[in-house]
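Subject: Structure for your study

Dear colleague,

Please find below the structure that I am handing over to you, together with its sequence.

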Amino acid sequence: MDTTQLLKGVLDLAVLAVVDAEDGYGYDVLRRLRAGGLTEVGDASVYGTLRRLYSSGALTSYVVPSDEGPHRKYYGITTTGRAQLKQQREDWDHFSATVTGLLQGVAS
Amino acid sequence: MNESLTAVRPEVVDFVAAVRARLADLSEDEREELVGGLDADLTELVDDRGVDALGDPAAYAEELRAAAGLSPGVARLRAPIGARVTGWIDTVGERWHRLVSRDGVRPVWEFLVTLRPVWWVIRAWIVVEAIDVWWGGAPFTIVPSITDGIALGVPVLLAAVVASVLLGRRRFERTWLRLLVLTGNVGAVLVFPHVADHLEWRNQTDTGPAYSKGWNHGYNQASSDFQAETLVVAGASDGLAFNGQPVINVFPYDANGKPLTGVQLFNENGDPLVLNKNMATEERKSITYPWLRSGAGVWNVFPMPVGPWLDDPNKGFRDDIAWFSPTPPTLPVSPVAEVRPVSLPKGPR
């Protein structure tokens with residue numbers, strides 16, 4: 001099964017969850033998503049999602065200067081973002097439970 | 001300390017520049033929001049997985065855009081040409097309707113809208129007439145001729161009117177049909193002056209009793225030829241004219257109605273009345289030749305002989321040598337053999 005389509009639907013939720021756990025810059029968020037098991041996620045998708053969530057006010061952003069390399073753009077979650085995360089988490093729980101139930105019904 | 005982190009890798013700089021170029025349609029702020037900090041992230045990515053991990057900047061920009069929710073912008077750019085054309089037509093249509101629904105304009109526009117069927121008929125006529133002109137089936141008359149008679153012209157015109165009205169009563173959704181109708185309407189408007197220019201309006205008004213219908217036809221044909229000729233012959237507007245049309249030849253009759261030959265004509269100042277020397281007769285196969293006095297051409301003597309038309313741009317349209325050819329110029333047959341006698345109240349002279 002091509003999981004990239006499934007991923008598109010839940011990438012917001014996943015990114016919000018990761019940033020909620022700890023502020024992070026783009027590549028850091030990507031790495032944590034992959035470490036968490038979303039190995040097929042594309043980096044541009046993650047960066048784009050971060051930018052979109054920032055535009056919609058779910059994330060805040062700040063630049064951490066670096067003496068050795070280019071400045072890093074960190075993202076942190078906002079109150080709006082937390083509310084969104086809570087809502088989407090509930091939606092996901094409900095949705096996945098429904099689909100799981102359906103699949104079990106078919107299997108038995 | 002990881003040495004490679006001290007600066008952005010050149011590959012990454014190039015890659016970010018390429019991505020930035022793919023986002024050129026976005027506003028400065030949007031673009032900065034998308035690519036800001038990208039160099040740091042990508043540098044780390046390359047450190048982890050090598051330069052090959054960068055991939056194609058175009059695909060990368062697409063993915064970035066889509067994930068950032070800017071896909072509508074992409075969709076607008078990438079929309080099929082048909083949808084875009086429909087969009088343009090709709091936009092122009094909306095603006096037009098806004099314009100004509102203004103208080104001052106609305107009554108005028110509503111009146112014009114009621115005249116739409118008239119336009120449907122006119123555009124059908126223009127199209128058929130344009131075909132007529134294009135096919136070169138002279139003379140061009142108000143009722144299109146298509147072929148020599150009007151036998152084919154009338155049914156073709158009627159069919160075109162019916163088609164045009166049917167077309168006008170329908171509303172089209174498909175882009176290419178809308179475009180076709182739009183192009184047709186604009187084309188009909190643009191072609192109209194050309195068609196009107198070719199029309200032989202005289203055919204409707206000139207029904208002089210002395211001329212037979214065949215002569216009238218021939219005359220019109222000759223003047224159609226002349227109209228084509230005026231494009232290349234300088235000074236074609238010189239010479240005798242009647243009703244604005246250049247005269248090709250003059251046929252004098254005496255008071256008893258008998259044809260005369262060798263009549264010299266002058267105006268009130270004693271100046272010779274001459275025709276346009278470049279005026280051709282029917283189908284440009286023949287042209288008038290002057291009478292001679294001591295070997296020199298005299299141009300005010302009528303009727304003028306008609307001889308071969310020489311289509312030689314260097315020598316002109318006629319050559320005196322024609323007089324000695326197997327087919328020398330001859331006096332043309334008078335349009336009518338005899339006209340009715342005329343007199344003054346006290347009798348001729």
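A pocket, as the word is used here, is an open set of grid points with protein on both sides within 12 Å along at least five of seven lines. Please keep in mind throughout that this is a predicted model.

**The largest pocket**

The volume of the largest pocket is about 1,200 Å³. Its lining is made up of 27 residues, and those closest to the centre are H97(B), R116(B), R171(B), L182(B) and N185(B). Sorted by class, the lining comprises 14 nonpolar, nine charged and four polar residues. Which helix gives the most to this lining? It is α6(B), with seven residues. At least two lining residues each come from α6 (81-100), α7 (106-114), α8 (116-135), α9 (153-169) and α10 (175-198) of chain B. As a general point, rolling a probe the size of a water molecule over the atoms shows where empty space is left.

**Chain A**

Chain A contains 108 residues, of which 37% count as buried. Four helices and three strands are found in chain A, and from the N terminus on they follow the order α-β-α-α-β-β-α. When contacts in chain A between residues at least 6 apart in sequence are considered, 47% join residues at least 24 apart.

V18(A) lies in helix α1 (residues 3-21) of chain A. Is V18(A) buried or exposed? Its relative accessible area is 14%, and buried means under 20%, so V18(A) is buried. Apart from neighbours within four places in sequence, V18(A) is in contact with V29(A), R32(A) and L33(A). V18(A) and L30(A) are 12 residues apart along the chain, and their C-alpha atoms are separated by 9.3 Å.

**Chain B**

Chain B has 12 helices and eight strands. It contains 349 residues, and 33% of them count as buried. Its accessible surface comes to about 21,600 Å², of which carbon and sulfur atoms hold 61%. Of the contacts in chain B between residues at least 6 apart in sequence, 62% join residues at least 24 apart.

Helix α2 (residues 28-35) of chain B has R31(B), L34(B) and V35(B) as its buried residues. Why do they lie on the same side of α2(B)? They do so because they cover an arc of only 80 degrees around the axis. An α-helix has 3.6 residues a turn, so residues three or four places apart point the same way. The buried residues of α2(B) pack against α1 (10-22), α3 (38-49) and α4 (57-67) of chain B, and also against α3 (43-55) of chain A. Just after α2(B) comes G37(B), which takes a positive phi of about 80 degrees.

A53(B) is placed in the loop between α3 and α4 of chain B. A53(B) and L42(B) are 11 residues apart in sequence, while the distance between their C-alpha atoms is 9.1 Å.

A124(B) belongs to helix α8 of chain B, which is among the helices that supply the lining of the largest pocket. Its relative accessible area is 3%, and so A124(B) counts as buried. Not counting residues up to four places away in sequence, A124(B) touches L157(B), A160(B), V161(B) and S164(B). The C-alpha atoms of A124(B) and L158(B) are separated by 8.6 Å, although the two residues are 34 apart along the chain.

Finally, which peptide bond is cis, with omega near -10 degrees? It is the bond from F302(B) to P303(B). P303(B) sits in the loop between β7 (301-302) and β8 (306-308) of chain B. In general, most peptide bonds are trans, and most residues other than glycine have a negative phi.

Yours sincerely,
A colleague

How values were computed. Residues numbered from 1 in each chain as written. Chains lettered and ligands numbered in written order. Predicted model: local features only at pLDDT ≥ 70, side-chain atom pairs only at ≥ 80, totals over all residues. Heavy atoms only, no water. Buried < 20%, exposed > 50% of the residue type's maximum accessible area, 1.4 Å probe, protein only. Contact = heavy atoms within 4.5 Å. 1 Å grid on protein atoms, 1.4 Å probe; cavity = no way out; pocket = protein on both sides within 12 Å on 5 of 7 lines; lining within 4 Å. Points joined across faces, edges and corners; volume = space filled by probe spheres on them. Nonpolar A, V, L, I, M, F, W, Y, C, P; charged D, E, K, R; others polar. Arc of directions from axis to C-beta. Areas by Shrake-Rupley, 256 points an atom, 1.4 Å probe, with all protein chains shown as cover.
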